[in-house]
Amino acid sequence: MITVRNSGQRYAAKYLNALLKDPLLSIAIIVSVMFVLITIVLPLVAMVGESVSESGRPLFQQYLSSPVYQTIIANTLVLGVLVGMVGTVIGFLFAFVQVKLNVPFKRAIHIIALVPVISPPFAVATAAIVLFGRNGTITRGILGVRYDIYGLDGLVLVMTLSFFTIAYLNLRGMMEALDPALDEAATNLGANKWRIFRTVTLPMLLPGLASSFLLLFVEAIADLGNPLVMGGNYEVLAARIYVTIIGLYETTGAAVLSVILLVPSLTVFLIQRYWINRISVVSVTGKPSGTPQSIDHPLVKWTLYGAVLLICGLIVLIYGTIIHGAFVQVPGVRWDWTFANFDFVINGIGSQAMRDTTTLSALATPIAGLLGMIIAYLVVRKEFWGRNALDFGTMLGIAVPGTIIGIGYILVFNTPIGIGDLTLIPKLTGGQGIFGGALAIVLVFVIRSVPAALRTGSAALSQIDPSIEEASISLGADNARTFRRITLPLIRPAFLAGLIYAFARSMTTISAIVFLTTPQTKIMTAQILNEVENGRYGNAFAYCVILIAIVMAAIGVLYFVVGAQTGAERRLEGGR
Amino acid sequence: MQQRAVRLKLENVSKSFLDRDGKGHVQAVDHISLDIYSGEFLTLLGPSGCGKTTTLRLIAGFEHPTTGRILLDGEDITGQPPNKRDMALVFQNYALFPHMTVYHNVAYGLETRQMPRPQIQAKVAEVLKLIGLEGLDKRRPNQLSGGQQQRVALARSLVMEPRILLFDEPLSNLDAKLRVQMRSEIHRLQRRLGITSIYVTHDQLEAMALSDRIVVMNQGAIEQVGTPEEIYRFPTSRFVADFIGRANFIDRVPYQLVDDDRAEISLLGRKLVVPVRFPLRAGQHVTAMLRPEALVLREDASLMQVTIDEAMYLGSEVEYVVTFDQQRLVIVQQDPRISRIFKEGQTVGLDFLAEAVHLLPDQTVV
Ligand SMILES: Nc1ncnc2c1ncn2[C@@H]1O[C@H](COP(=O)(O)OP(=O)(O)OP(=O)(O)O)[C@@H](O)[C@H]1O
Ligand SMILES: [Mg+2]
């Protein structure tokens, strides 16, 4: 990634010179690079190293030639492709309704579409089982059919509902950025709306559709929570990796499977990074002129709208079930009103987990948010060796499936790292790790959240004219003061988004930390998983409701603290 | 000028950038040496892409020169970071801090210097008054007109009392009328405060109006340095003559040296002796330059007769195009009220002001 230039040495000397002149900048660069190297790259390298070790290499052969594992790999890819396609279609539908149709309740539809983002991983799956499972309230109770939701169909359903928001937001941003003048030009040339859609809109959106598909594909193959709850006999790699570690204690086997899972994940990441970005014709930064034309054809309009309403209804039904299920004795079986679930969670097993998870998430959030903004600032504004590599390495934090990160952590941080007698990094994971393994969990929270903060941060930064920062420097401020007084306030909305994402992600993540929880450090999602696996859905739902409540409260607090102070974002407009 | 102290010295400064595709190099600034005197208003003038902005950014410290040194009051500042240089840069797009009020924009630099609060308030109030922005100190940049934003940008730099004020095309975002108004404002302020200023523009009128000296740049190098009058009247190259104002070139004019610095030429049917401002080698031709206002059309049968191809009435002047000896000449006649206005197709006599003839090396021969 590091671009070595013709006169590399001279430039190297020059950069070095410039870095030495601004120690704070050099510290920021060194700290960021070290952080990415130790917390992201090192575990990955260790995991790959383990997989190609003496004991690992034969396993590749064994797994890849075994029909069982071949089926698992095929299952994983099929699931990824299906979720990618269905999710992209639904995301597109929602985006289309928002941007192109003139229909009521658009705001409500938008909010409903956002709900899945802040929900814990098992909420949707469990509710779906209650509603549509073998004894489902709807399938058995209303329709009177015995439907087996476990397996591919159920997985596609719950994963699509959980992840389509990504596609929706992605496509919506793109469709809003499409210059309506293009539509108008095409209309002027005599094209009808369908033809415009086919010949102008769709080709322009193609990179967006492709990128949505890929994002969903990666989410789907990396997901652990849903396959554990919903998979049934349909086994996928992530779940197999989990079983290999938790059930069989086979770290090397898990590492080998992880590398196999890593191949499609990284391939998609590389396609995203180096191909999709290149073919994107829509500049999301451009200010569109004119107003987008809405589609009036009643059949088209109401069919699409109806479909979206139907999906919204399903989402409402599922979240209604979660909330309702939290207050009944045995969801799906005994619908008697009770507070026992909450009592069990709040005053029983969950009290420590709630405290631990919230504390650790709250610790990780500002670190992730700030680190994301700093790396964004370095990557967008500064020139230094390894700039691209820093961006790439940071993004790996989310490009790599969480299970793999977790295994990497076990491999690297289970023993102290040092030279001779000098301990550089103490044991981080497990109950005997420092802070009862809490530091490792915080680090994982951070590396899973920094990429999103980095992306929003760099998008925001590239919209701000660098001369504003240069003006500050020209007036005598150094880089640190400029970042604090000028840059950070100007990218405050991105910062806020990064913080919210970090907190929600940390609170709801399961795959990356499932191997890292310890008796000393309890994590809510891991406990929810436990409740679900033991069929105690009421407790699980109560847990989910509490978790969602904590996330919503935190978002409120973040808005209040970060958003309200100066609201620089609103004043950006005329200041240029 | 010469007795004044040198404030800023550029010694053999160049800057090359890597190409966008990372292959070759762009020589944005090509071995420039230049002295800027204390209190002077110096303009860097040249066509787009000639390296003006890069030169300015080298001076400000935002770029690091590939070769050469930069000295401020005799001290080598080549390696000094931009925030340590006692200069203030006024940006083309103003670069105001959008999240701060006018007051805080102007106070920003002083706060950075950790000046006591009351002193900051006094200084900000003073400079806002000086620049005609009293009462606007609580506004934000997006509540100001373009001209007002420009003033804030200027105030923000002025309040720092820098050793050098740097301007990068500060007026190019304003409409034509406002531009003229701000131009005289900057002129007034600079003369009053006597701050050494380096001003980048590609607008030659702006350069002429403001500058003590103009540096004409072309392709990263300096073409000519001089007062506006020197640059306008005695350009040393065809490029400068063409870039500053408009010029008629009459090529391949035969000449004979009278003495070291005068030559006799025959031009448009007249023989005359004119000063030579560059070394001439015998046997060469020269190019004669005549500004459009140095040519005169008169109904006089004793003169060379030309036919008017185009006549354009522009209010304060009339512009004619005639063809003489297969050469297109542009003639501007000032004050059309007094002289007669000729019509297209009319044949009239062509004359010129002998003292306005300027000789250039003949660039038509290789
Ligand atoms: N950061 C950079 N990287 C690569 N090339 C650059 C960079 N900055 C400037 N250049 C190149 O250097 C040359 C001089 O640019 P510069 O901005 O100094 O011109 P200018 O005289 O200010 O032009 P304008 O009047 O258009 O502002 C141009 O060819 C430009 O493309
Ligand atoms: Mg420029």
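How much area do domain 1 of chain B and domain 2 of chain B bury between them? I found about 850 Å², 49% of it on carbon and sulfur atoms. Buried area is the accessible area (1.4 Å probe) that two parts lose on being put together, summed over both.

I noted the conventions next. This is a predicted model, in which local features need pLDDT of at least 70 and side-chain atom pairs count only at pLDDT 80 or more, while totals for chains, interfaces and linings use all residues. Residues are numbered from 1 along each chain as its sequence is written, chains are lettered from A and ligands numbered from 1 in the order in which they are written, and side-chain values use heavy atoms, with hydrogens and water left out.

**Chain B**

I read the domain bounds, which come from an automatic or database domain assignment, as 6-241 for domain 1 and 246-361 for domain 2. Their C-alpha centres lie 38 Å apart. Nine residues of domain 1 and 11 residues of domain 2 take part in the contact, where contact means heavy atoms within 4.5 Å.

I then looked up the salt bridge (a side-chain nitrogen of Lys or Arg within 4 Å of a carboxyl oxygen of Asp or Glu). The rule finds one across this interface.

**Chain A**

I found domain 1 at 12-44 + 345-521 and domain 2 at 52-114 + 146-281. Their C-alpha centres are 25 Å apart. In this chain, 18 residues of domain 1 are in contact with 21 residues of domain 2. The two domains bury about 1500 Å² between them, with 79% of it on carbon and sulfur atoms.

Which side chains meet in a salt bridge here? I recorded Asp391(A) and Arg273(A), at 2.8 Å from N to O.

**Glu470(A)**

I located Glu470(A) in helix 19 (residues 466-474) of chain A; helices are DSSP runs (H or I, at least four residues), numbered from the N terminus. Is Glu470(A) buried or exposed? Glu470(A) is buried because its relative accessible area is 16%, and buried means under 20%, exposed over 50%, partly exposed in between (1.4 Å probe, protein chains only). Leaving aside neighbours within four places in sequence, I found Glu470(A) in contact with Arg57(B), Phe62(B) and Phe91(B).

Conventions: Helix = DSSP H or I, 4+ residues; strand = E, 2+ residues; numbered from the N terminus.
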